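Here are a few notes to read alongside the model. Could you go through them with the structure open?

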Amino acid sequence: MTTTFPTHKQVVIIGGGIVGCSVAYHLTKLGWKDVAVLERKTLTCGTTWHAAGLVGQLRSTANITKLAQYTSRLYANLEEETGQATGFKQTGSIAVATNQQRFEELKRGASMARVFDLEVELMTPQEMAPMWPLANLDDVIGGVFLPGDGQTNPVDTTMALAKGAKMGGAQILEETRVTGILRKNGVVTGVSTDQGDIQAEFVVNCAGMWGRELGRMAGVNVPLHASEHFYFVTEQMNDLVPDAPTLRDMGGYTYYKEDAGKLLVGAFEPVAKPWGMKGIPADFSFDTLPDDQEHLLPIFEQAMHRIPKLEQTGIQLFLNGPESFTPDDRYILGEAPELRNFFVVAGFNSIGIQSAGGAGKVLAEWIVKGHQPLDLWDVDIRRFAPFQGSHLYLHDRTVEGLGLLYAMHWPFRQFETSRLARTSPMHDRLKKAGACFGEAAGWERANWFAPKDVEAKYEYSYGRQNWFEYSAEEHKAVRENIALFDQTSFAKFLLQGRDAEAILNQVSANNVSVPVGKIVYTQWLNERGGIEADLTITRIAEDSFLVVTACSTEGRDFHWLQSHIPEENAHAVLTNVTSGYAVLSLMGPRSRELMSTLTDTDMSNEAFPFGTSQEIHMGYAQVRASRITYVGELGWEIYIPTEFALSVYDRIIDQGKAFGLRHAGYHALNSLRMEKGYRHWSHDITIDDTPIEAGLGFAVSFTKDRGFIGRDALLRQKAEGVTKRMVQFVLDDPHPLLYHNEPIWRNDVIVGYITSGMFGHTIGRTVGMGYVTNADGVTAEFVTSGEYEIEIACTRYSARAALQPSYDPKNERIRN
């Protein structure tokens with residue numbers, strides 16, 4: 001497409017699929033013209049060309065749904081803008097349910113769609129029949145219709161994006177293979193290709209299946225793995241309704257798309273076939289993989305059940321085309337923490353066509369503005385730990401990951417593959433105590449404990465699951481007596497050096513100029529006042545601070561702090577000490593009594609007040625005890641050097657027998673924190689929220705010397721007022737359960753959605769948190785004067801709203 005090979009570009013994009021062309025298109029729309037797309041062969045030749053072209057809009061979170069909605073709008077207008085046909089049409093989609101549990105899932109999704117301003121309709125089988133007369137609907141009990149969903153021609157749409165990018169000044173270079181990534185002092189400086197080097201300010205990895213290998217060239221972890229992915233196209237079927245909605249039968253692992261009078265049947269089988277274990281061939285171009293009809297025999301049976309006429313219809317095309325999948329079935333987007341100005345957009349888990357427009361848009365804005373334009377944590381590259389780039393880990397997870405896209409999305413569902421990657425020293429002890437483990441950031445964590453003679457295994461549902469009563473007993477123990485949590489998975493960093501205090505005070509909204517032994521709860525903000533992190537900082541020496549945060553944000557938070565240490569003349573060293581310490585937490589009104597039997601340190605309120613930390617002896621070990629809580633009761637987090645962890649644990653269990661000590665898991669932790677209204681980063685607070693909106697103004701120090709990042713934005717917001725506020729809700733009916741994304745109705749108008757929900761065993765009702773929004777401002781009077789309902793699976797339930805937590809609003813229990 002061009003004969004002049006460049007030596008310098010502002011942005012180099014590697015990969016000429018629909019995503020790479022979308023990034024280039026959106027950069028030019030923002031006025032950046034010095035852009036080149038490098039494609040090793042020809043545009044669309046990797047995965048894009050064989051995609052089914054479905055353009056759905058409803059995703060699992062608000063912002064990712066917004067991006068999918070944008071994609072649909074973009075494709076609808078792209079042909080008019082560029083003159084290149086795309087084949088886009090809004091045909092809608094129907095998802096069917098053959099049992100009540102699946103129907104509840106679909107109805108919960110329909111409620112969520114209303115929050116996101118998506119048109120949605122519940123349908124009976126009788127209403128579906130005219131749209132799909134060939135479908136056997138005898139076993140279908142209901143479904144959901146999304147009229148705004150559509151389909152497009154992936155190749156034509158990519159060509160339209162490429163044409164739009166060229167119209168904006170971008171260059172597209174085909175037959176150009178990248179052989180290396182140039183870098184200096186932790187910053188990308190360009191690429192090496194088989195045609196020569198190109199110096200660049202920014203490099204974007206849009207290499208699809210090759211994304212992991214390309215990342216390794218740059219020293220960047222890009223955890224994705226290719227999998228065989230199947231669909232087949234029939235011969236002409238005369239009874240198909242033209243432009244019929246896409247039909248999804250997730251219980252049958254299949255979808256059905258009318259395609260010019262033929263039927264395309266796609267599969268998301270429960271046990272997938274990873275591919276490319278020895279690397280993706282460099283010359284793989286418009287290629288497919290061998291048929292495996294034996295592997296798909298169960299899919300054929302499901303398809304013939306749903307569309308009986310398939311038994312008499314020939315197959316014109318059987319396609320096995322590889323696509324890339326990530327460990328959590330969410331795509332990868334953002335600036336690599338290992339290499340500045342190196343961005344990644346890859347691993348789309350079979351939704352690349354419907355995601356490309358929005359993903360390209362936000363990545364282009366991130367590059368141009370220098371920060372992410374909205375909360376993208378669901379897909380942020382920083383969510384992955386280094387071990388998740390392991391070839392074996394990715395292979396094993398991919399076997400499960402593809403099928404999970406159509407499996408039931410149960411609350412609290414756990415991955416079954418690639419487990420036991422990270423375990424605390426107490427893992428085997430907890431297992432013997434009846435722990436049922438969940439996984440978070442690769443950590444095996446005890447979520448609940450089964451009684452003797454009960455198998456510690458999940459039985460999933462949208463109602464009260466099999467562990468509900470066991471977790472209730474754990475919850476009760478914390479409120480009334482004492483329980484032990486294993487919180488070893490906490491991420492832990494040390495910042496040391498004479499400039500450590502000044503750096504942390506600049507990054508933190510709260511004041512860390514405190515005496516040694518004081519714990520500071522704080523947020524880290526961006527310049528717009530959005531919350532980048534929510535954590536505690538303990539001053540353990542004049543020049544040393546311990547930062548403790550969630551395991552899921554370990555990489556993100558470490559990168560945020562590291563990137564805010566000045567490059568020159570700063571005397572501060574940041575070290576990740578997560579693996580060096582186990583953490584056991586004793587929580588409950590009798591925790592002081594038990595702690596006093598384990599140490600000779602004075603544990604009284606006067607000697608050991610709330611919000612302080614001391615090094616103490618416990619058994620044969622020296623540990624750090626921090627009086628802090630995430631459950632709303634008296635208690636201590638005990639930080640133990642890893643090699644001493646088991647001896648301390650055993651001593652606690654032995655001494656705890658006299659107090660009725662019991663184990664507690666993360667489900668109880670969640671129900672306890674919900675009653676107290678404690679926020680959870682990534683659910684209740686994100687970069688789209690400020691401390692003032694979130695009700696965390698008490699953790700902001702506006703008067704400290706030299707200010708902090710985000711201070712000016714917060715001062716403006718304080719002066720102008722807020723248009724949303726975090727509110728706690730308690731359902732009046734004790735039976736329904738909240739999880740997330742349920743619509744909040746105020747006086748018959750949707751004003752927000754639930755960010756977190758859990759049954760509160762102390763108050764005997766389900767508790768939820770969510771932001772109430774109003775363009776004209778949200779005051780305390782506005783919140784308390786409304787009549788509220790929460791919509792669950794298309795049914796509304798009355799709720800009480802409050803700005804204070806339901807349990808111990810004055811914090812008396814944690815301070816005495």
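1. Start with helix α14 (residues 591-598) and helix α15 (residues 645-656), which pack at an angle of about 120 degrees with their axes 10 Å apart. Helices here are DSSP runs of H or I with at least four residues, and strands are E runs of at least two, numbered from the N terminus. Axes are lines fitted to C-alpha atoms, for helices over the stretch in contact, with angles from 0 to 180 degrees between N-to-C directions.

2. This is a predicted model: local features need pLDDT of at least 70, and side-chain atom pairs count only at pLDDT 80 or more, while totals for chains, interfaces and linings use all residues. Residues are numbered from 1 along each chain as its sequence is written, and side-chain values use heavy atoms, leaving out hydrogens and water.

3. Who meets whom? In α14, L594, T597 and L598 touch R651, I652, Q655 and G656 of α15 (contact means heavy atoms within 4.5 Å).

4. Now the sheet: six strands form a closed barrel in the order β35-β38-β37-β36-β39-β40, with antiparallel pairing (two strands pair if DSSP finds at least two bridges between them). On average, neighbouring strands of this sheet are turned by 40 degrees against each other, direction ignored.

5. Look for R746, which sits opposite V749 in β37.

6. Finally, helix α16 (residues 666-676) packs on the sheet, touching β35 (724-731), β37 and β38 (765-773). The direction of α16 makes about 130 degrees with that of β37.
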